[in-house]
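Here is a short briefing on one protein model. Keep the sequence and the 3D view open while you read.

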Amino acid sequence: MFSQLFVLTERGDALIFRDYRGDIEQKCTEIFYNKIKSARDNQPPCFNSDGVNYIFVHTAGLYFVLTTKKNASPNCALEFLQRFACICKDYCGVLNENSIQQNFVLIYEILDEVLNFGYVQETYSQAIKPYIQNQPTVVEPYDKSTQFPGRAVFGLEKLRVGSDAANRPVGHSDRFSTPKKGEIFSDILERLLVQVDPEGNVLRSEIIGTITLRSFLPDGCVLTMALSDELYKLHVENGFGTQLEDYNLHPSVNCAEFESSGKLSVMPLVGEFALMNYRMSGTVSKERLPFTVEMTFEDSSTTKFIDVSIQIHCSIPSDKYVEKVMVQFPVPEDTQSVSCSGQTVEFSKESDLVTWHITQFQGGTTIRALFKLNGLFEENFEYRHELDAVNLRFEIPQFLCSRAKVKSLRISGGAGKIEHTTKWTRQITHSDSYIIRL
């Protein structure tokens, strides 16, 4: 079905290349890279050039690409590339250029198991585990001593662990012995979609969530998880104002008690997998949103400047904080430059877009900034019509708008005795689309 598979860096360097059929020239890597760069990252994931179909995914700064002259299913190819990238991450620990370079022999061994003469075979880490013989080279070793230099004080290492703690190869460090210590990582990731009209009414409020597991347990262990009411009771409003509309569970999950008590049991697979996907929606009041924005215009005595004041209030609890905040808003096309004292601001003349970067935003606080737009504007120019929306991007660690949580995790069984099991849980909210009309 597929003729070639290759992995390129963002510079165009080929890290992995495998030709299965020999019916396409090897210079297709150069053709693909030139197409990507000429399109300025607006290239669709599937395109045809000189009779060759290119299908790719861009993840972790790498391009995973399939080529074929056949009329192959694009959805099948994209799904395979996503799973292949996940397998590489599972067996290398992390997915980046350095990990691929250090483990290229292991990657080619994985390729032998997932593709045979261009036809898809196994695409799960669990299925190919017995056939992978090479040991990975760990690029970012997990070491608690580097995470917490003073861990002897008050037993800090027992309370928390670094966010990259699960970034290590699965199932190979103790290949021929039963590990005495097991670890399980569970993440609840929610993507927030919000749209607010100029009157302050919330037109759209939706949450797309995923519960993922990453297991470092011996074979045969059974994980029992109890979820809060927000994650299993349909059409019941939660504290945010949304309600659970639909969900789906991984096929390996035993959900006999899920609808009545929210309990799930599963035998964790090798690597990372999505235990549950869910969607929430509803009518949310403006006061419950994590951010509210106000934009005002200050009078200027000249047509060379427009002064815009933006005030942002973060309404999450004061013991929480927001990271990687980006505030974007359009400006009039006659704007030549934008300045803001004491703030990190970028201005793109091509798209007439201003980006305001805020490293950290404490909950319960308000930030105000004054932007000075420099340009030649007409005297009666209605610039307020062009400064009509603000788009926010952010990440909130250890906080979920839906108030959902994992109430308990219990591990039983296993191929051998586990002397100690550590269970880590993490909650993160991302903004998928957070637009406020002004």
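At what angle do helix α2 and helix α4 pack, and how far apart are their axes? The angle is about 135 degrees, and the axes lie 11 Å apart. That makes α2 oblique to α4. The model is a predicted one. Its protein chain holds seven helices and 23 strands.

**The chain as a whole**

- The protein chain has 438 residues, and buried residues make up 44% of them.
- Take the contacts between residues at least 6 apart in sequence: 71% of these join residues at least 24 apart.

**Helix α2 against helix α4**

- Helix α2 covers residues 74-92, and helix α4 covers residues 104-114.
- The crossing of α2 past α4 is right-handed.
- From α2, the contact uses F80, F84, I87, C88, Y91 and C92.
- From α4, the contact uses L106, I107, I110, L111 and V114.

**The five-stranded sheet**

- Five strands form an open sheet in the order β2-β1-β5-β4-β3, and the pairing is antiparallel.
- From one strand to the next, the twist averages 20 degrees.

- Strand β1 spans residues 4-9.
- Six of its six residues are buried, so β1 is largely enclosed by the rest of the structure.
- Which residues point which way from β1? Q4, F6 and L8 point one way, while L5, V7 and T9 point the other way.
- Residues on both sides of β1 are buried.
- Six bridges tie β1 to strand β5 (residues 62-68), in antiparallel fashion.
- Opposite Q4 stands T67 of β5.
- Five bridges tie β1 to strand β2 (residues 14-19), again antiparallel.
- Opposite F6 stands F17 of β2.
- The hairpin of β1 and β2 has four residues between the strands.
- In that hairpin, G12 takes a positive phi near 95 degrees.

**Helices on the sheet**

- Helix α2 lies across β1, β3, β4 and β5.
- Its run makes about 40 degrees with β4.
- Helix α4 packs on the sheet too, where it touches β1 and β2.
- The direction of α4 makes about 30 degrees with that of β2.

**Strand β10 and its partners**

- Is strand β10 (residues 221-227) mostly covered or mostly open? It is mostly covered, with six of its seven residues buried.
- Seven bridges pair β10 with strand β22 (residues 406-413) in the antiparallel sense.
- There, V222 has S412 of β22 as its bridge partner.
- Four bridges join β10 to strand β12 (residues 263-266), and these two strands run antiparallel.
- There, T224 has S265 of β12 as its bridge partner.

How values were computed
Residues numbered from 1 in each chain as written. Predicted model: local features only at pLDDT ≥ 70, side-chain atom pairs only at ≥ 80, totals over all residues. Heavy atoms only, no water. Axes fitted to C-alpha atoms, helices over the stretch in contact; angles between N-to-C directions. Parallel < 35°, antiparallel > 145°, perpendicular 65-115°, else oblique. Left-handed = near helix turned anticlockwise from the far one by under 90°. Contact = heavy atoms within 4.5 Å. Buried < 20%, exposed > 50% of the residue type's maximum accessible area, 1.4 Å probe, protein only. Pairing = 2+ DSSP bridges.
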